[in-house]
Amino acid sequence: MILPDWSSLQKAKGGKLPHWTCNYAIYHVCFRLADSIPPEIQKRWNEEKKLYWNSDGTLKRFMDPDGYKRLKFLFSEKINACLDAGYGECLLKNPKAAGIVKEALGFFDGKRYRLHAWSIMPNHVHVIAEPLAGFELSKIIHSWKSFTANQINRELNRKGTLWQRETYDHIIRTEAEYRDQIDYVWNNPVKAGLRNCLRWRIEN
């Protein structure tokens with residue numbers, strides 16, 4: 001694994017969640033269905049997260065181990081536990097809907113990005129991805145969500161918003177964390193007690 005070039009770290013514009021980018025980064029991305037987290041729970045988390053940002057929108061103590069550990073819990077582990085509880089319609093339980101997501105993830109693998117691992121859960125999707133030179137993570141994610149939303153709505157004969165607007169993305173910082181994140185994505189369906197869930201990972 002090539003480590004991220006932290007000298008190129010910058011905060012992307014827009015969105016309610018922090019979106020950091022840098023050269024040579026591998027990201028853990030999670031995007032979820034619009035009804036996957038109850039509004040009252042999301043509101044409570046948003047209030048807690050505000051404590052970890054400066055007035056100018058930059059992250060407090062980004063490289064501080066204790067601050068980073070707490071942020072990781074708020075932005076990842078706490079949310080994932082809620083997602084695994086299975087709120088919402090869980091449209092991705094439908095094999096046709098899950099298959100559309102699978103095909104979308106793999107379509108530009110090796111051309112715009114490298115996939116390292118992914119799993120499709122009933123109400124959210126985990127992806128470990130590495131954008132290739134000249135391609136932005138935000139545009140890659142937008143293409144996944146836009147294409148799958150249109151195709152799934154057509155397949156399931158539904159209308160309206162499919163995905164939450166915001167997407168969680170996290171820069172993987174070390175080789176040890178990379179292994180942990182790969183294992184998490186691969187084992188997430190098992191942890192949630194699911195069978196026949198679509199998943200894939202690099203074997204290395």
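This is a predicted model: local features need pLDDT of at least 70, side-chain atom pairs count only at pLDDT 80 or more; totals for chains, interfaces and linings use all residues.
1. Start with H170. This residue is found in strand β6, which spans residues 168-171. H170 is buried, because its relative accessible area is 10% and the cut-off for buried is under 20%. Its side chain is joined to that of E177 by a polar contact of 2.5 Å.

2. Next, the two sides of β6. Y168 and H170 point one way, while D169 and I171 point the other way. All of these residues are buried. In a regular strand, side chains alternate between the two faces of the sheet.

3. Which strand is joined to β6 by four bridges? That strand is β3, residues 27-32, and the two run antiparallel. V29 has D169 of β6 as its bridge partner.

4. Now helix α3, residues 95-107. Its 13 residues should span 18 Å at 1.5 Å a residue, and the end C-alpha atoms are 18 Å apart, so the two values agree. At the start of α3, a side-chain oxygen of N94 comes to within 2.8 Å of the backbone nitrogen of K96.

5. Which residues of α3 are buried? They are A97, A98, I100, V101, A104 and L105. Seen down the axis of α3, the buried residues fall within an arc of 155 degrees, so they line one face of the helix. The face turned away from that buried side carries the exposed residues P95, K96, E103 and F107.

6. Finally, the packing of α3. Its buried residues pack against β3, β4 (113-120), β5 (124-131) and α4 (137-155).

Terms used. Residues are numbered from 1 along each chain as its sequence is written. Side-chain values use heavy atoms; hydrogens and water are left out. Buried means under 20% relative accessible area, exposed over 50%, partly exposed in between (1.4 Å probe, protein chains only). A polar contact is a pair of N or O atoms within 3.5 Å; within protein, one must be able to donate a hydrogen and the other to accept it, and residues adjacent in sequence count only if both atoms are side-chain atoms. Two strands pair if DSSP finds at least two bridges between them. The expected span of a helix is 1.5 Å times one less than its number of residues. The arc is that of the directions from the helix axis to the C-beta atoms. Contact means heavy atoms within 4.5 Å.
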